Amino acid sequence: MEQAEAKTLEVIRQDAFDPAKFLEELDAFPGVDKIKNCMQCGVCTASCPLSHEMKETPRKIIEMIRAGMRDEVLASDTMWYCASCYACTVRCPQGISMAEVMYALRTIALRTARNLSAAFYKTFSDTVRRYGRMHESDLMIRFALRTNPLSLLKMGPLGLRMLAKGKMSLSVPTPIRGAKEIGKLYEKVAELEGGA
Amino acid sequence: MSETKTKDAARPKGAGEAKPDFVFFPGCSLHSTAREYHDSTVQSMAVLGITLEELDDWNCCGATALSSADSLLSYALPARNLAMTQERGLPMAVACNSCFVTLNRVNALMETDAPYRSKVEETLKAIGRRLDGPVEIRHTLHIIYHDVGLDRIREKVKRRLEGLKVAPYYGCQIARPRHEFSDPEFPTEMDDILEAIGAEVVRYDRKTKCCGGALMTTKEDVVLELNEQLLREAQVRGADLIAVCCPMCQMNLDAYQGKINSRFGTDYKLPVVYFTQLLGFALGLDEKAMGFGRGFVPAGKHLKKYA
């Protein structure tokens, strides 16, 4: 018992443990400034169509953020289940945009995460950078090659039906005229964020 | 940018060609998987007296994928489209819920977060553009309901879809997080439009429950479940078909219906069509031109008696 207490005290004494630090990091994202106002009512969790799939519910994630549990929050699967439906956001009595919190958590986690979701969002971004627009077949093929090339076979049947319906095209995508502008936007963003 | 300007200058002023009502931002889906949404939207709005002009050289809004990948970029990409809309001097019309929410997110930023806003402005400056405050962004469903109005729709109807039972499915990103529609969870605009063209709107409590959107790619199992629930309610309520206003919803409910049936042992055969396809058809536009054949679950048999 005494030993455990000593250990806790030691953790608290460490400079690394500063609950405010993680909040500050999140504060840099627009729209996530109200986390402190959370009163743990759980309306977000109750409104979420996918909270039953999450190991840590949205309500719990907020409390973990405030406790400064950065590593645990970023390792959780919660944000990868957010479908951005904003049900939590419009119902939160404290005006917290949980959807924005989830975007922010994904963005931070994405820098190191090695899961399917992270690969998908990165591939999506690469496709937009390349052409200025989304191209489903290009996205799905690159995504499969990045994650599991065998999954292309699994996607095959639906892909073929999409082609037949003219909902997908295998032709080489043409970049928009302003593709150079898009490239410049990406560069400028990297420059501005690199400083942060 | 100069290209857009030259084009505008070359446009004959007042010489027979009226200024369009809106700049139309179609978004990537309406140019690929959801072409029938594009065509039925543009054509039925034209019949109703609203002209749309596609935004020249628009780029992908980034959708929720960019919001999840890079914060600043997720504002900068849609901001380019808004800046070009401002250059054109018209309000923007959007038909895709995902684009709608993403573009509106920039507007919300313009109104609130000054320091971050200037960062976004800096990225635009790097490409020689600027965004001067928020841009008026309207969902096409909102425009049809408010600017056209139910009376005008009733007047223009050529085929009343009497007896057609429709479940109105709005999806999540149209009425949330902003509150421009009648209710963030139970909006009624599409219901009223469908009734104005004679259809019978069935009760549909899941009208804004999420279909999972792009999570179909990364979390397929649970998203199939969400869509099974959506189909189940429509079936239980006796709907002949589901009307939607978002390409993600349409894709998930329609293209994956077969997979849902084999996964859950169900036998759904519910066509999932855009409300504009029904609207255009009711306004007398050609069934083929409305693209009913592009759905995976055929809708034809429900429309035969009105053709």
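Visitor: What makes strand 1 of chain B and strand 3 (residues 92–94) of chain B a pair?

Guide: Strand 1 and strand 3 of chain B are joined in the parallel sense over 3 bridges, and a pair requires at least two bridges, so the two strands count as paired. One position of this pairing can be followed residue by residue, for B:F24 stands opposite B:A93 in strand 3 of chain B. Please keep in mind throughout that this is a predicted model.

Visitor: How do you know that strand 2 and strand 4 of chain B stand at the edges of their sheet?

Guide: The sheet is an open one of 4 strands, in the order 2-1-3-4 in chain B, with parallel pairing. Strand 2 and strand 4 (137–139) of chain B each have a single partner strand, so one side of each is left without a neighbour in the sheet. From one strand to the next, the twist averages 40 degrees. The partner of strand 2 (residues 52–54) is strand 1 of chain B, to which 3 bridges join it in parallel, with B:L52 as the bridge partner of B:F22. Strand 4 of chain B is likewise joined to strand 3 of chain B by 3 bridges, again running parallel, and here B:R138 is the bridge partner of B:A93.

Visitor: Which way do the residues of strand 1 (residues 22–25) of chain B point, and are they buried or exposed?

Guide: B:F22 and B:F24 point one way from strand 1 of chain B, whereas B:V23 and B:F25 point the other way, and all are buried. The word "buried" asks for 20 or more other C-beta atoms within 10 Å of a residue's own. By that criterion, 57% of the 307 residues in chain B are buried.

Visitor: What lies across strand 3 and strand 4 of chain B?

Guide: Helix 8 (residues 140–148) of chain B does, running at about 80 degrees to strand 4 of chain B.

Visitor: What makes strand 6 and strand 8 of chain B edge strands?

Guide: Strand 6 (200–201) and strand 8 (272–274) of chain B each pair on one side only, within an open sheet of 4 strands whose order is 6-5-7-8, with parallel pairing. Strand 8 of chain B is joined by 3 bridges to strand 7 (residues 241–244) of chain B, the two running parallel, and B:Y274 is the bridge partner of B:V244. Helix 13 (residues 247–255) of chain B packs on this sheet, touching strand 7 and strand 8 of chain B, and its direction makes about 160 degrees with that of strand 8. Helix 15 (residues 275–282) of chain B also lies across strand 7 and strand 8, but runs at about 65 degrees to strand 8 of chain B.

Visitor: Why are helix 5 and helix 6 of chain B called roughly perpendicular?

Guide: The axes of helix 5 (residues 71–88) and helix 6 (residues 97–112) of chain B come within 9 Å and cross at roughly 90 degrees. Angles of 65 to 115 degrees count as roughly perpendicular, and the two helices are therefore described in that way. Among the residues that meet are B:Y75 and B:P78 from helix 5 and B:L103 and B:V106 from helix 6 of chain B. By class, this contact has 7 nonpolar, 2 polar and no charged residues.

Visitor: Why is chain A called more spread out than a compact globule?

Guide: The radius of gyration of chain A is 21 Å, well over the 16 Å that the globule rule gives for 196 residues, so chain A is described as more spread out than a compact globule. Chain A has 12 helices and 0 strands, its C-alpha atoms fill a box of roughly 65 × 40 × 35 Å along the principal axes, and 38% of its 196 residues are buried.

Visitor: How does chain B stand against the rule for a compact globule?

Guide: With 307 residues, a compact globule would have a radius of gyration near 19 Å, and chain B, at 20 Å, agrees with that. Chain B has 16 helices and 8 strands, and its C-alpha atoms fill a box of roughly 55 × 50 × 30 Å along the principal axes.

Visitor: How many residues does each chain bring to the contact between chain A and chain B, and which helix of chain A supplies the largest share?

Guide: The contact takes 52 residues from chain A and 46 residues from chain B. Helix 12 of chain A supplies the largest share of the side of chain A that touches chain B, with 9 residues. By class, that side has 29 nonpolar, 10 polar and 13 charged residues.

Note on methods: Residues numbered from 1 in each chain as written. Chains lettered and ligands numbered in written order. Predicted model: local features only at pLDDT ≥ 70, side-chain atom pairs only at ≥ 80, totals over all residues. Axes fitted to C-alpha atoms, helices over the stretch in contact; angles between N-to-C directions. Parallel < 35°, antiparallel > 145°, perpendicular 65-115°, else oblique. Contact = placed C-beta atoms within 7 Å. Nonpolar A, V, L, I, M, F, W, Y, C, P; charged D, E, K, R; others polar. Rg over C-alpha atoms; globule rule 2.2 N^0.38 Å. Buried ≥ 20, exposed ≤ 12 C-beta atoms within 10 Å, placed from the backbone.
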